[in-house]
Amino acid sequence: MQKMPVWADIVLIPLISLILAAILSALVILGIGQDPIAAVKMMVSGSLGSTYGWGYTLYYATNFMFTGLAVAVAFHARMFNIGGEGQAMLGGLGVALIALYIPWPHWSLALIFCTMGAAILGAAWAFVPAVLQAKRGSHIVITTIMFNFIAAALLNYLLVNILRPPTSMDPATDSFPAATHLPTLHDILAPIGISFSKAAPANITLIVALLAAVFVWLLIWRTKLGYQIRAFGHSESAAKYAGINPVRITVISMMISGALAGMMAINTTLGESERLILNSTEGAGFIGIAVALMGRSHPFGVVLASLLFGFLYQGGAELALWTSIPRELIVVIQALVILFTGALDNMVRMPLEKLFLSMRRAEG
Amino acid sequence: MFDIFNDLITVLDSTLRLSTPLLLACLAGLFSERAGIFDIGLEGKMLIAAFFSAAVAYTSGSVVLGLLAGIAASLVLSVIHGLASITFRGNQLISGVAINFLAAGMTVLVAQSWFQQGGRTPSLFGGARFESLTLPFAEALAPVPVIGPVYDELISGHSILVYLALAMVPLSWWVLYRTRFGLRLRAVGEAPEAVDTAGISVVALRYWAVVICGVLCGIAGAYMATALQAGFVKDMTAGRGYIALAALIFAKWRPWYALYSCLLFGFLQALALRPDLIERYIGFKVQVQLLDALPYILTVIILAGFVGKAIPPRAGGEPYVKER
């Protein structure tokens, strides 16, 4: 028997957690001597009040869709992939190598092959922790954390010593050739008569991200592999008994997760900076955790949560620009969302379950 | 010949300084994880303690008050972790991630609000810092060859927290292996149901472990900001909490081995600061990035079980649900 109606589980609990996180964030803003209502107004106008703001909101949301989907796929196999950051860094490397060293005639070809490069290197970076988890029982959380640091050191080495053009002091690759530059939302929307800010970085990768969400939905709920992943996540012993190979499922779901995290790089590296820079990921791999938790590991929820975090990110940047509230406010909000929707889930759930049970008793 | 000796003393001296926060955080994690509470929030607790110790030491001028404030701040995060992972039986790893972000964000927000220096505290000096101690006879022994420099420069002349951290190793060993509390603490991480059957509170024991972890992380953070450096800067722990976690696995959750692995990782950090010395002695350049990544690579190799298997406490990460 279910203790609660389904809608309460998927809508009410995240909503209450979100409200709790919002109240605490407002208290934090009050605590540092600022006005929370004015802050929210500025965040809304800065991120949703113009096509320029929307362009940034959607750009950040695109990143979080990829990393959120990555964490969500791993969650379905009951694994916590905290290595999205490292996998996305390697994805950036894949994008840079393909965009720099192959003369692409048209951006569409560059997009397809860079996506493949990003996905392959991202998946490869998740492969080793996955195999160690499946074959040797080393905890995936610890190994993926270690791989984040190793990826950062590797990228640092490659950018400073090998990929950096000799004439430049900046630890970054050369700019990608003009033929690989992706169309922005301005370029896409102009032919159909919608004017969109030219300066904003949102680009065609947004559509790739939405396609990826549809792909994950199909994979998890409409394929045999997705069924096996979910079965493995619910009960490893039952899955084994049903003839599902745990090593195979662990490795495949982690590699899909790593590929999705890696694909984030087409947005940041091919779409925005148009060269590979140090710290191109900017913590988006970690925000994927908050996004997946809020979105209840469902692609639709992940897309919604990504939009929310895109708004928070762009709004937070506006706040940092115009007020004395530092950008780190977003990190606090992100922490509170992870805390309430992830770790303190039962704090919200237990009283609600009691409430629904007593309501049912009253009816019966 | 004499040069090598002097260089060695210099590097070992900074090894000792750099190992101290690792060791304190590693022992903190040891108590927590031995009781079955995984803690990837060591980093966050160190960071928040670093900020509050520096902030209070600066405003009050007293480093002892700073240390206490750092411990208190770290304890607040410990209690949040305890609530999430013991009382509400949530996911301990997710809770740890949240705590790390909470500390990373809050320290900069509060620092900016209090000091307006871009997320840092003003520099500490005088009584607001831990002075280095000169051990007895250090100056008198200094001219004696070999023993003199070793005693005067390597062993003497650190802040009291360095000696405290070293003393914590035998103390932790004694508490864990020679007291009733330690036996119960280890039992609660291996078989909480057995502890419960014996009529001892699993919840209380685990909260004690989390509190000890908070105190040690608090000292580690305070050391970072008031002894190793003179003040707090944004994200100053720079992944040390994770290196401590790696050292804990490397040590297979045992106190003496924790000392050795922290000294090893501290040595790697000290070498990374002196790439010129490496080049002078082994004849070729070792990439700094490789030295940075080495603790993590070594941990992955250990985790993979190629050099003896690292087996965590059996009930680690699992919330305990009382049978009815």
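Mentor: Welcome! A helix axis here is a line fitted to C-alpha atoms over the stretch in contact, and angles run from 0 to 180 degrees between N-to-C directions. The model is predicted: local features need pLDDT of at least 70, side-chain atom pairs count only at pLDDT 80 or more, and totals for chains, interfaces and linings use all residues. Residues are numbered from 1 along each chain as its sequence is written, while chains are lettered from A and ligands numbered from 1 in the order in which they are written.

Trainee: At roughly what angle do the axes of H4(A) and H6(A) cross?

Mentor: Helices are DSSP runs (H or I, at least four residues) numbered from the N terminus. H4(A) covers residues 84–101 and H6(A) covers residues 140–163. Their axes come within 7 Å, and the crossing angle is roughly 30°.

Trainee: Is H4(A) roughly parallel or roughly antiparallel to H6(A)?

Mentor: Under 35 degrees counts as roughly parallel, over 145 as roughly antiparallel, 65 to 115 as roughly perpendicular and the rest as oblique. The axes cross at roughly 30°, so H4(A) and H6(A) are roughly parallel.

Trainee: How many nonpolar residues are in the contact of H4(A) with H6(A)?

Mentor: Contact needs C-beta atoms, placed from the backbone, within 7 Å. Among the residues that meet are Leu90(A) and Leu93(A) from H4(A), and Ala151(A) and Leu155(A) from H6(A). Ala, Val, Leu, Ile, Met, Phe, Trp, Tyr, Cys and Pro count as nonpolar, Asp, Glu, Lys and Arg as charged, and the others, Gly among them, as polar. Beside two polar and one charged residues, the nonpolar count is 10.

Trainee: How is H8(A) oriented to H13(A)?

Mentor: H8(A), residues 205–222, packs against H13(A), residues 299–322, with axes 9 Å apart. Their angle is about 150°, which means the two helices are roughly antiparallel.

Trainee: Which helix gives the largest share of the side of chain B that touches chain A?

Mentor: Here 37 residues of chain B are in contact with 35 residues of chain A. On chain B, H4 (92–115), H11 (240–250) and H14 (288–303) each supply at least two residues. The largest share, 15 residues, comes from H4(B).

Methods: Contact = placed C-beta atoms within 7 Å.
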